[in-house]
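Hi everyone, thanks for coming. Let me put the structure up, and then we can walk through a pocket and a helix pair together.

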Amino acid sequence: MRWHEAPASLLESGYAAVVDDSNADAPVRLAELVATLSLGIDLGFGQPMEHTLRQCLIALRLAERSGLGPEQRSVAYYTALLISVGCHTDAHEQAKWFGDDLAMKSAKFAWNGDKPNPARMLMALGAGQPPLHRFRLGLEFVLSGHRELSGMVSHHAAVGRMLAEQLALPEDVQRAIGASYERWDGCGWPGALAGQAIPLPARLAQTAEFVEVAHRLGGIEAVEKLARERRGNQFDPTLCDLLLSDGRALLGGLDELAAWDAVVGGEPGLAPLVSGAELDAALTAIANFVDLKSPYFLGHAQAVSALAAEAAARSGMSEAEVRLLRRAGLVHGLGRLGVSNAILDKRGPLGAGEWERVRLQPYLTERMLRQSQALAPVARIAVQHRERLDGSGYPHGLIGSRISREARLLGVADAYQALREPRPQRAAHSAQQAATELRAEVKAGRFDADAVEAVLGAAGHRVALRREGPAGGTLREVEVLRLLARGLSNRDIAQRLFIAPKTVSNHVEHIYTKIDATSRAAAGLFAMHHGLLPEEAFPTRDSA
């Protein structure tokens, strides 16, 4: 990734050059990619889109009034955009214990910055479930589950720092994101820093996050109340004093601003650009973080992207078209951030209201992507990947030729890969079973025959990945790691591999030590990063 000054034309317009069929390797502002992801993080917190963009603007205004130069304001800028990026990575566990993980996270701003009360957490266990289920869940939580949640917020900061590292953001940004849940009084997460020892960009971002919600819901009076109540405990007293003395001017005009244009166009200091392989790597890092939301989708985006691109190449599409489709495959699932894991990971049939939420996924993906001129071309493909030729698809019920050729290929690749992966209500299909189902969809008039055959042809040369244990792991540890990342318990892993639970426990302990991880999300990220998920890879045209 290159860190340098963006061309003046880009800075003035607030947008990078458009990624289209004729110029797919034009440089793209990294700020646009991060801002796009922030829109999905907003949905995951039950907040309106652009909550994070607005908090970024507040952080920049506080930074300017604090006398920070362009370089430090740039650190605050990316910290504010990424402060909550890790909070969806254990949504599977949140939904397991508390039901709707989106509703749980939305309560963050009602906790007054304090650690959640244990009694309150117990009351929330199994929300929406029958009494007997809640009783069993409460018993399991008391016996063992509380340990799963004890380090949850610290994990959020840790995995957020991982994404910043994968996006090649500077060390100062990584450090600030890692400290973004610390408190001025030292009672934050992980509780290693307090006061001035917390990087100033982290203090700015955390304050701005809560100020945005208070200002949106209650105006300047709510902001001043927030500053008075949390001065010197959660927040930096100096920043609270700024809000109390100059809050009206500091927050003035915020509601009238076009948040996207203001944030992307107002990036301070150096503006990092990505293009070609660097852009693909950045999109892959983002896609992997989105897939962490559910253990059933680990590696899904990368697999769909590779399969769709190979099918496009076999169909005679140009290199630019193949590249565009590959990128659409990476981002097609961003809308899942706006769907509760109580739905995504549900083992039983979905109700009508739950299905309506699922049907919003492509729409939400488009809403996130189309803000950026650079990503608008992939948005047009991604939004159609759940459409079907007979009009039975979603979100718009398009028929026949109104569905683009690229979207037809992407839709089939997504369906094939989903069939080949486990889901809450079923085991993974075999390759032959998946092919049979896709061809049945052709006969039913829902899938394009050419697209199905192109995807099946691309998948016909699948080869097993042979990983000789990254980080010094044994092949058995690789097997355990894959299942662990998928969310299986030690007992489930033992049954699957026909070994003793105690043996699994030992393997898990060794795995976490070797890969320096302490959570399923971190293990899943490691597995995807080292090519262990999904369990099979598609051959390229050169290797087939």
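Let's begin with helix 21, which gives the largest share of the lining of the second largest pocket, four residues. Before I go on, please keep in mind that this is a predicted model.

So, how much space lies in that second largest pocket? About 910 Å³. Its lining is made up of 31 residues, and the closest to the centre are Trp-355, Arg-386, Tyr-394, Ala-418 and Gln-425.

Now let's turn to the helix pair. Helix 3, residues 51–65, packs with helix 12, residues 237–251, at an angle of about 115°, and their axes are 11 Å apart. The two helices are therefore roughly perpendicular to each other. As for handedness, helix 3 passes helix 12 in a right-handed crossing.

Which residues meet there? From helix 3 we have Ile-58, Arg-61, Leu-62 and Arg-65. On the helix 12 side, they meet Leu-239, Leu-242, Leu-243, Asp-246, Ala-249, Leu-250 and Leu-251. Sorted by class, this contact between helix 3 and helix 12 has eight nonpolar residues, three charged and no polar ones.

That's my tour for today, and I'm happy to go back to either spot on screen.

Methods. Residues are numbered from 1 along each chain as its sequence is written. This is a predicted model: local features need pLDDT of at least 70, side-chain atom pairs count only at pLDDT 80 or more; totals for chains, interfaces and linings use all residues. Side-chain values use heavy atoms; hydrogens and water are left out. On a 1 Å grid over the protein atoms alone, a cavity is a set of points where a 1.4 Å probe fits but cannot get out, and a pocket is an open set with protein on both sides within 12 Å along at least five of seven lines; lining residues have an atom within 4 Å of a point. Grid points are joined across faces, edges and corners, and a volume is the space filled by probe spheres set on the points. Axes are lines fitted to C-alpha atoms, for helices over the stretch in contact, and angles run from 0 to 180 degrees between N-to-C directions. Angles under 35 degrees count as roughly parallel, over 145 as roughly antiparallel, 65 to 115 as roughly perpendicular and the rest as oblique. A crossing is left-handed if the near helix is turned anticlockwise from the far one by less than a right angle, and right-handed if clockwise. Contact means heavy atoms within 4.5 Å. Ala, Val, Leu, Ile, Met, Phe, Trp, Tyr, Cys and Pro count as nonpolar, Asp, Glu, Lys and Arg as charged, and the others, Gly among them, as polar.
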